[in-house]
Amino acid sequence: MQFPKFCGCDTCRGDVFVYTLNRLSPHYVSTREGEVITAINLDTDQEKAKLDVVLLEGFRKVAAAPRCGTKPVTL
Ligand SMILES: [Zn+2]
């Protein structure tokens, strides 16, 4: 998933991962930060769709209030 305006630094990407982890089912929470995407079980289209939705929310939230100090953007 790519957003041209998203900061993309380690802090912001990490925040998106944490946001995503916190909102997925507990059995998804199994790995170190940064390995979320490969660790998540994407066996069904329903799970993939859910991940996309949560990721999108995470990107929007982090981009609107980046902790790294970059300019906030609306995705
Ligand atoms: Zn950033």
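Thr 70 is partly exposed, because 14 other C-beta atoms lie within 10 Å, a count between the 12 or fewer of an exposed residue and the 20 or more of a buried one. Keep in mind that this is a predicted model. Overall, the protein has three helices and zero strands, so in the α-α-α order from the N terminus on there's a helix at every step, each one a DSSP run. Of its 75 residues, 16% count as buried.

**Chain ends**

- Thr 70 sits in the segment after H3.
- In space, Thr 70 is 9.6 Å from Cys 12, C-alpha to C-alpha, although 58 residues separate the two in sequence.
- At the other end, Pro 4 belongs to the segment before helix H1, which spans 10-23.

**The core**

- Six residues make up the largest nonpolar core: Cys 7, Val 16, Phe 17, Phe 59, Val 62 and Ala 63.
- Two elements, H1 and helix H3 (45-64), each give two or more residues to this core.
- H3 supplies the largest share, with three residues.
- Val 62, one of the core residues, touches Cys 12, Asp 15, Val 16 and Tyr 19, leaving aside residues up to four places away in sequence.

**H1 against H3**

- The axes of H1 and H3 come within 9 Å and cross at roughly 135 degrees.
- That angle makes H1 oblique to H3, because roughly antiparallel would take an angle over 145 degrees and roughly perpendicular one of 65 to 115.
- As for handedness, H1 and H3 make a right-handed crossing.
- On the H1 side, the contact is made by Cys 12, Asp 15, Val 16, Tyr 19, Thr 20 and Arg 23.
- H3 meets them with Val 54, Leu 55, Gly 58, Phe 59, Lys 61 and Val 62.
- Sorted by class, this contact between H1 and H3 has seven nonpolar, two polar and three charged residues.

Definitions and conventions: Residues numbered from 1 in each chain as written. Predicted model: local features only at pLDDT ≥ 70, side-chain atom pairs only at ≥ 80, totals over all residues. Helix = DSSP H or I, 4+ residues; strand = E, 2+ residues; numbered from the N terminus. Core = buried A, V, L, I, M, F, W, Y, C linked by C-beta atoms within 7 Å. Contact = placed C-beta atoms within 7 Å. Axes fitted to C-alpha atoms, helices over the stretch in contact; angles between N-to-C directions. Parallel < 35°, antiparallel > 145°, perpendicular 65-115°, else oblique. Left-handed = near helix turned anticlockwise from the far one by under 90°. Nonpolar A, V, L, I, M, F, W, Y, C, P; charged D, E, K, R; others polar.
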